[in-house]
Amino acid sequence: MSAPLLELSQVSYRYPDGSVGLKDCSLAIQRGSRNVLIGANGSGKTTLFQHCNALLRPQSGAVRYAGSAVDYRRAGLHELRSKVGMVFQNPDRQLFSASVQEDVSFGPLNLGLDMATVRQRVAGALQAVGMQAQADKAVHNLSFGQKKRVCIAGVLAMEPELLILDEPMAGLDYAMQTDLLTVLDGLHERGITLLVATHDIDFAYRWAERIHLMADGRCTASLNAQELGDHSQALADIGLPQPEVISLYRGLLARGLLPAVPAGPAPRCAASLLAMLAATNHPKESPCKIA
Ligand SMILES: Nc1ncnc2c1ncn2[C@@H]1O[C@H](COP(=O)(O)OP(=O)(O)OP(=O)(O)O)[C@@H](O)[C@H]1O
Ligand SMILES: [Mg+2]
């Protein structure tokens, strides 16, 4: 396997007030993969993210990007941040320009792109998050969810290699959550590596390829999502339930409503569980016919 796109090796970081942010934390993100970071409040997710684009520097241990140790000098930071885009948990930490358009333009202008390219990227990014109509609106007059959308647009306009989103769904309405997933899937298809913090184990199981568990400033396990059903204890150890669809699947197996020896892996979402049930009860029916 090639070198990970991003790698933290035994990173520790303590905040000035003595709080432990990260403690001997190791984690690897493979290029082109969809990753979720999940863990309780205060487990270190945001602190870890801040190490990924060098907003924080490890006090011990190391961060490597594309096989090289992060260069914390000015040019190195500029280079890293042009490749690693981050959407903060709190949009008020990220937005600082007067208007939506100015804010989304800031990153691409900083990359030194020409005006035509900047305009094109900004329009595309605003369209992706459904904010074209508010392009001239003052940022401070936006709702929380709208601010979040603008933050996402600002990072999309940078066209990063690695996109990190800290609890992106929090505060977004259902339609925007669905749209955001479509945007993320589109980015993944273009080869962009995605790392998303969430508290939603059902979303993590449905969406991610790799799930990284966080507790007390450490990554306690990095699992293939399709194997999550075999790691209930690792989830329980950090106070997480197993995904609902796995519980349901196990309940159906236990009641003999699904074959004891399943034909394939456990389902990742309700639709594939339904397809399994339909195939069991009506073996000739194609799963594609399930609405
Ligand atoms: N600026 C700071 N100063 C002091 N301590 C901090 C600071 N930021 C975070 N911490 C502490 O570091 C630890 C990790 O916090 P972090 O914000 O990384 O957790 P998190 O997993 O992102 O939590 P949440 O799910 O609530 O967003 C916590 O104990 C927190 O109190
Ligand atoms: Mg956080």
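Author: A pocket, as the term is used here, is an open set of points on a 1 Å grid over the protein atoms alone, with protein on both sides within 12 Å along at least five of seven lines. The model under discussion is predicted. Its largest pocket has a volume of about 580 Å³. The lining comprises 24 residues, and those closest to the centre of the pocket are Gln94, Phe96, Phe106, Gly107 and Met158. Sorted by class, the lining of the largest pocket holds 13 nonpolar residues, eight polar ones and three charged ones.

A polar atom of the Ser99 side chain lies 3.1 Å from the backbone nitrogen of Glu102.

Ligand 1 is surrounded by 16 residues, of which Gly42, Lys45, Thr46, Thr47 and Gln89 are the closest. Several side chains place an N or O atom beside an oxygen atom of the ligand. For Thr47 the distance between the side-chain N or O atom and an oxygen atom of ligand 1 is 2.5 Å. In Thr46, a polar side-chain atom is 2.9 Å from an oxygen atom of ligand 1. For Glu167, the corresponding separation between a side-chain N or O atom and an oxygen atom of ligand 1 is 3.5 Å. Ligand 1 taken alone exposes 640 Å², and 66% of that area is buried by the protein. Strand S2 (20-29) and helix H1 (45-52) are the elements that give two or more residues to the shell around ligand 1. With three residues, H1 gives the most to this shell. By class, the shell around ligand 1 consists of three nonpolar, 10 polar and three charged residues.

Asp237 belongs to helix H8, which spans residues 232-237. Asp237 is classed as exposed because its relative accessible area is 56%, the cut-off for that class being over 50%. Between Asp237 and Ala135 the C-alpha to C-alpha distance is 46 Å, and the two residues are 102 residues apart in sequence.

Key:
Residues are numbered from 1 along each chain as its sequence is written. Chains are lettered from A and ligands numbered from 1 in the order in which they are written. This is a predicted model: local features need pLDDT of at least 70, side-chain atom pairs count only at pLDDT 80 or more; totals for chains, interfaces and linings use all residues. Side-chain values use heavy atoms; hydrogens and water are left out. A residue is near a molecule or strand if one of its heavy atoms lies within 4 Å of it. A polar contact is a pair of N or O atoms within 3.5 Å; within protein, one must be able to donate a hydrogen and the other to accept it, and residues adjacent in sequence count only if both atoms are side-chain atoms. Accessible areas come from the Shrake-Rupley method with a 1.4 Å probe; for residues, only the protein chains shown count as cover. Helices (H or I, at least four residues) and strands (E, at least two) are DSSP runs, numbered from the N terminus. Ala, Val, Leu, Ile, Met, Phe, Trp, Tyr, Cys and Pro count as nonpolar, Asp, Glu, Lys and Arg as charged, and the others, Gly among them, as polar. On a 1 Å grid over the protein atoms alone, a cavity is a set of points where a 1.4 Å probe fits but cannot get out, and a pocket is an open set with protein on both sides within 12 Å along at least five of seven lines; lining residues have an atom within 4 Å of a point. Grid points are joined across faces, edges and corners, and a volume is the space filled by probe spheres set on the points. Buried means under 20% relative accessible area, exposed over 50%, partly exposed in between (1.4 Å probe, protein chains only).
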